[in-house]
Protein chains: 2
Amino acid sequence: MLERTVRVGILFDFYGELLTDRQQEMVRLYFYHDLSLGEVAEECEISRQAVYDNLQRAEKILEDYEKKLGLVARYKYIQQQVDDLTEVVDRIAQEIGDESLEKLQQIIDNLSAEN
Amino acid sequence: MLERTVRVGILFDFYGELLTDRQQEMVRLYFYHDLSLGEVAEECEISRQAVYDNLQRAEKILEDYEKKLGLVARYKYIQQQVDDLTEVVDRIAQEIGDESLEKLQQIIDNLSAEN
């Protein structure tokens, strides 16, 4: 379950905006606020089964977007490059001037923040 | 018109997969293969007006995805960082060892290729 929660959480970060408001609300309550199906049902004033179906549907929609756009995979790839970059910069830190190093660090920070 | 073609082309590169096959076909014929509305109409066996409406709709869908996901903006931002990185690396090229430089260059290439 934890693995599923993390997976849906990441997908939701990228594609959540593409779900309906109602779907977003249920995903937030269930996966972020860790409410039970019954509690979400009460909150949304629908049946437990309807919550279950809606969550299944929302999860499938998110996975379908990832299949088509691959943003999560791309994010992880770029993050790996940024990590590699950080390692290289650490290694050459002693060999180059302070100004260049600061600029490199700034770019790494920018890439990390944006990614 | 050229500006619009470039804009739709970029949006289509990112979000084209999210259009229907039919919409993708019309966008390709009109914006990539530079056919006229009449020629697309003939190719797709629908009216010129229907082609016009479908293209308008497809363009709006692409713009709506960009509003929600911002991939084009993000792409441009990361590309700018990669350009900055290239410039810094060029500047410090003389000061650091060959091995580190090769690794940096490899990461820049990876980021550019993936972005």
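In these legends, Ala, Val, Leu, Ile, Met, Phe, Trp, Tyr, Cys and Pro count as nonpolar, Asp, Glu, Lys and Arg as charged, and the others, Gly among them, as polar. The structure shown is a predicted model.

**View 1. Lining of the largest pocket, with residues from chains A and B.** The pocket holds about 150 Å³ of space. From chain A, the lining includes K68(A), L69(A), L71(A) and R74(A). Chain B contributes F12(B), D13(B), F14(B), G16(B), E17(B), Q24(B), R28(B) and L71(B). By class, the lining comprises five nonpolar, two polar and five charged residues.

**View 2. Helices around the largest pocket.** In chain A, α4 (48-69) and α5 (71-92) each supply at least two residues of the lining. In chain B, α1 and α2 (21-32) likewise each supply at least two. The greatest contribution comes from α1(B), with three residues.

**View 3. Interface between chain B and chain A.** Here 29 residues of chain B are in contact with 29 residues of chain A. The area buried between the two chains is about 3,000 Å², and carbon and sulfur atoms give 67% of this area. Two residue pairs are in polar contact between chain B and chain A, both at pLDDT 80 or more, whereas zero salt bridges are found across this interface.

**View 4. The side of chain B that touches chain A.** Helices α1 (2-15), α4 (48-69), α5 (71-92) and α6 (98-114) of chain B each supply at least two residues of this side. Among the contributors, α5(B) gives the most, with 10 residues. The residues of this side of chain B divide into 15 nonpolar, five polar and nine charged.

**View 5. Salt bridge between R4(B) and E59(B).** The two side chains meet with an N to O distance of 2.6 Å. This pair links distant parts of the chain, since R4(B) lies in helix α1 of chain B and E59(B) in helix α4 of chain B, 55 residues apart. Side chains of opposite charge can pair when their charged atoms come close. Over all chains, a search of the whole structure finds 10 salt bridges.

Technical notes
Residues numbered from 1 in each chain as written. Chains lettered and ligands numbered in written order. Predicted model: local features only at pLDDT ≥ 70, side-chain atom pairs only at ≥ 80, totals over all residues. Heavy atoms only, no water. Contact = heavy atoms within 4.5 Å. Buried area = accessible area lost by both parts, 1.4 Å probe. Salt bridge = Lys/Arg side-chain N within 4 Å of Asp/Glu carboxyl O. Polar contact = N/O pair within 3.5 Å; in protein donor to acceptor, adjacent residues only side chain to side chain. Helix = DSSP H or I, 4+ residues; strand = E, 2+ residues; numbered from the N terminus. 1 Å grid on protein atoms, 1.4 Å probe; cavity = no way out; pocket = protein on both sides within 12 Å on 5 of 7 lines; lining within 4 Å. Points joined across faces, edges and corners; volume = space filled by probe spheres on them.
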